[in-house]
Amino acid sequence: MRIVACLNGDRRPGAHPALPVSVDQLVTDAHAVVAAGATAVHIHPRDAGGAESLEPQAVAALMERMRADGPDVPVSLTTSLSAESDPWRRYDLVQRWASPSLPDSVSVNLHEAGSVDLIHLLGDRRVAVEAGVWTVDAARILVATKVRVAAVLVEPTQVAVEDAQRNTAAIMTVLDRGKVAVARMLHGADATAWPMLSQALEEGLDIRIGLEDTMRLPDGTEAHDNAALVEHAVTLASAAA
């Protein structure tokens, strides 16, 4: 089972006192979450002002430091339209990422415009793709296009836990019927983060946790940092095992 630490997501700088934004902060945080039990990290690169960025310079600066000074675990980056709202410009930016500083994998949200073309580009560049599936329609796109992905990230966005569970069940049904036989990860956000993590553990799926998904522990108290979230997730995983 993979335990992925999602370090920052699209949260604004200052949203949490320990939210890592700069390259130095991200490298330090990556070491802390791996020491807490994470087996991989997922990062939204940032520019000098702290905004999300897919610019080649921002990606290279991050990945070069992660390779040189970060922990020896896989690094995943986002390609979300939250980082670049124009799908055509996003394609161009990713195409210009330099080979020495390519990430191990990226997440591509299938409901976003241009996602299938982007997956083909990343395949040509030998970068593994984790398909972000938020909806039943996104799952159908994955099945219909038969794009090659390394994993599926089932990401229900509903606020209520019961609604998120229903969406998850519907997505899983489409994936099962379409015989999508790659690894699956299930995670929620904010109010559904911990319930979805618990469900993932019950079903033997990969898990992820971090300040991208929630800033609180299951009891509602604010987490000190990403490492505290990962440490709690590892405790739950050990108990489930």
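**Salt bridges and burial**

Analyst: Arg 208 is buried in this predicted model, at a relative accessible area of 6%.

User: Which residue forms a salt bridge with Arg 208?

Analyst: The partner is Glu 212, and the closest N and O atoms are 3.1 Å apart.

User: Is Glu 212 buried or exposed?

Analyst: Glu 212 counts as buried, because its relative accessibility is 16% and the cut-off for buried is under 20%.

User: How many salt bridges does the structure hold?

Analyst: The count is 15. One of them pairs Arg 65 with Asp 24, with 2.6 Å between the closest N and O atoms.

User: Where do Arg 65 and Asp 24 lie?

Analyst: Arg 65 is in helix H2, residues 56–69, and Asp 24 is in helix H1, residues 23–36. The pair therefore ties together parts 41 residues apart in sequence.

User: And how accessible are Arg 65 and Asp 24?

Analyst: Arg 65 is partly exposed at 28% relative accessible area. Asp 24 is also partly exposed, with a value of 47%.

User: Switching to Asp 176: what does it form a salt bridge with?

Analyst: Asp 176 pairs with Arg 184, the closest N and O atoms being 2.9 Å apart. Asp 176 is partly exposed, at 48% relative accessible area, whereas Arg 184 is buried at 13%.

Methods:
Residues are numbered from 1 along each chain as its sequence is written. This is a predicted model: local features need pLDDT of at least 70, side-chain atom pairs count only at pLDDT 80 or more; totals for chains, interfaces and linings use all residues. Side-chain values use heavy atoms; hydrogens and water are left out. A salt bridge is a side-chain nitrogen of Lys or Arg within 4 Å of a carboxyl oxygen of Asp or Glu. Helices (H or I, at least four residues) and strands (E, at least two) are DSSP runs, numbered from the N terminus. Buried means under 20% relative accessible area, exposed over 50%, partly exposed in between (1.4 Å probe, protein chains only).
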